[in-house]
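Let's take a friendly walk through a protein model, one region at a time. Have the sequence and the 3D view ready.

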Amino acid sequence: MTDHSHRARRLLARGTLSVAVVLALFAANAKFARAADDQRHPQDLAELATVRTDRVQQLAAEVDDLRADVEALADETNADLDGQIGTPSLGYLVEGGSTPVVGRGLTIRLDDAPVDSPLRGTSIDPDVLVVHQQDVQAVVNALWAGGAEAMGLMDQRVISTSAFRCVGNVLHLHSRSYSPPFVIHAIGDPEELRDALDDSTAVAGYVRDAKDVGLGWSVETVDTLELPAYSGATELDEARVPDDVEILPGLEEALRDARRDAAATQSRTPQAPTSPTGGGAADD
């Protein structure tokens, strides 16, 4: 399921504690790299893929446990500081994927054309009969644009650093592999999310192909969607802040207010009298 253009042609207060998370993730990666040789079976690729997938799930569970420990330590630290450090807002936790989310939304399914489709083996481009990476990406992007508050792909939470790719007809996400049908869950206003899908040119191209050649496409409104918290590594290799986005909004104003308050406090503090020559405090 490589990337093709045929659709277009047819149309906290974590401080040093956060370091513990990074170190834990490095340790998990190292453990994975040191997988015993007797667990590797290069002569049986299917079995190797199964072993690796199970190992990834096991390590992901360990990461979740370590992250929970760090969260508990951070809460204890905040409690010791008697509220001097603020607690992240619920919106921040939802956007970061660190908390489960429940709410109304949509479930979208994309699937390859049936294997017994009469179009297979004809002059039609075989690429048109399968779901491609850009098709899934188009749906995800449209849902974010439509105001999705949280999203899941297959059984995993999708966050800002999530990246999926397709090799053959297999989708890879967070070191796990999936075959079609591909299921996307999005929590948000169902009507606004549907409108966003309808407004997407890329999604419209896929929907036309679905009608013409039998690709799987369904959009279902769900009253109660349950998305798990993100499970996986949280390190970020590279990031850039757009030129028109202010870093830490309100920081400069807060610093100015703090300097003004400090100056006002100092001016109200009584000063010890000095001698006429400025040599120190005057004697009684």
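Leaving aside neighbours within four places in sequence, which residues is Thr-99 in contact with?

## Around Thr-99

Contact here means heavy atoms within 4.5 Å. By that rule, and with neighbours within four places in sequence left aside, Thr-99 is in contact with Leu-93, Val-94, Arg-157 and Ala-229. You can find Thr-99 in the loop between α4 (90-96) and β1 (101-111). Helices (H or I, at least four residues) and strands (E, at least two) are DSSP runs, numbered from the N terminus.

Thr-99 has a relative accessible area of 19%, so this residue counts as buried (under 20%; exposed is over 50%, partly exposed in between, with a 1.4 Å probe and protein chains only).

## How to read this model

This is a predicted model, where local features need pLDDT of at least 70, side-chain atom pairs count only at pLDDT 80 or more, and totals for chains, interfaces and linings use all residues. Residues are numbered from 1 along each chain as its sequence is written, and side-chain values use heavy atoms, leaving out hydrogens and water.

## The nonpolar cores

A nonpolar core is a set of buried Ala, Val, Leu, Ile, Met, Phe, Trp, Tyr and Cys residues joined through side-chain atoms within 4.5 Å. The largest one has 35 residues, and Val-136, Leu-143, Leu-153, Leu-171 and Ile-184 touch the most other members. The element that gives the most to this core is α5, with six residues. Another core, of seven residues, lies apart from it and includes Val-101 and Leu-227.

## Two backbone details

Most residues other than glycine have a negative phi, and most peptide bonds are trans. Met-154, however, has a positive phi near 60 degrees. Pro-180 and Pro-181 are joined by a cis peptide bond, with omega about 10 degrees.
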